[in-house]
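Try each task before reading its solution.

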Amino acid sequence: KLTVATSDPAYPPWVMNNAPESGEGFESALIYALAKELGFEKDDVVWVRETFDQAIAPGRKNYDFGIQQISVTEARAQIATFSQVYYQPDKALVALPGGPADDAATFDELRKLRWGVALGTTDLTYVENILGVKDAAVYDDQVGVFQALQARQIDATVVAVPTALYVTAVQVPDASIVALLPGDENDLGHGLIFQQDNPIVSWIDEGLMGVIGKGVVDELVHRYLVADPNVKVINE
């Protein structure tokens, strides 16, 4: 068996209908492509659930690896082992229409907004270290961020583009992707996360290189994770 952990609930476009076993959604489809590359049948893939905090915590794991949009960072690599990076998402500025984010075109103007982000995420370090925001409101989870956005207690938040696609389609349909932002040099991209020093990492990496080399990841990105190319871009 190949035992894989993901979140509960797991959201589109990463997992459709909170059903990772369906093979629908970027992460679900990627795992089944990886399993096939490694010689597993679909029925050999077993899913377990855990929170994001549990995924990035040190200690023994009851699964082979986890996948739930986990960014590879140097700090996390001190307490867990990662696979090679399989996807590097752009960042998206999400806001309600008619607010001050609509006219922002530079980092200086972005710093004047009231920002809200989730605790423990690379979104928080991005807002603080890349955008230079010193007084962002911090919430326990993304649900709290989106509730604050809907109540107009904050002007904007930043999330990975694929997450932003789901947020603006389902969770906060009144909101929109206002701008695309540059990547974070401290966020190396998404990787599978393992218990530290798990000996199967190199084998899993071989499988990942196989599916990446066959164009599977590119095809899944195009199917599930592409944003509107007409959205404005703010680079500095």
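**Exercise 1. Find how many aromatic pairs this predicted model holds, then classify the pair of Phe26 and Tyr87.**

Step 1: A search of the whole structure gives eight aromatic pairs.

Step 2: For Phe26 and Tyr87, take the ring centres, which lie 5.6 Å apart, and the planes, which meet at 45 degrees. Planes under 30 degrees apart would count as stacked and over 60 as edge-to-face, so this pair is tilted.

Step 3: Now place the two residues on the chain. Phe26 belongs to helix H1 (residues 26-38), while Tyr87 sits in the loop between strand S4 (80-82) and strand S5 (91-95).

**Exercise 2. Describe the largest pocket by its volume and its lining.**

Step 1: Its volume is about 900 Å³.

Step 2: The lining counts 35 residues, and nearest the centre are Phe52, Gln68, Gln69, Thr121 and Gln142.

Step 3: Elements giving two or more residues to this lining include helix H4 (122-130) and helix H5 (142-150).

Step 4: Sorted by class, the lining holds 14 nonpolar, twelve polar and nine charged residues.

**Exercise 3. Which residue lies over the face of Tyr32?**

Step 1: Look above the ring of Tyr32: Lys42 lies over its face, at 5.2 Å from the ring centre.

Technical notes
Residues are numbered from 1 along each chain as its sequence is written. This is a predicted model: local features need pLDDT of at least 70, side-chain atom pairs count only at pLDDT 80 or more; totals for chains, interfaces and linings use all residues. Side-chain values use heavy atoms; hydrogens and water are left out. On a 1 Å grid over the protein atoms alone, a cavity is a set of points where a 1.4 Å probe fits but cannot get out, and a pocket is an open set with protein on both sides within 12 Å along at least five of seven lines; lining residues have an atom within 4 Å of a point. Grid points are joined across faces, edges and corners, and a volume is the space filled by probe spheres set on the points. Helices (H or I, at least four residues) and strands (E, at least two) are DSSP runs, numbered from the N terminus. Ala, Val, Leu, Ile, Met, Phe, Trp, Tyr, Cys and Pro count as nonpolar, Asp, Glu, Lys and Arg as charged, and the others, Gly among them, as polar. Rings of Phe, Tyr and Trp (its six-membered ring) pair if their centres lie within 6.5 Å; planes under 30 degrees apart count as stacked, over 60 as edge-to-face and the rest as tilted. A charge sits over a ring if NZ of Lys or CZ of Arg is within 6 Å of the ring centre and within 35 degrees of the ring normal.
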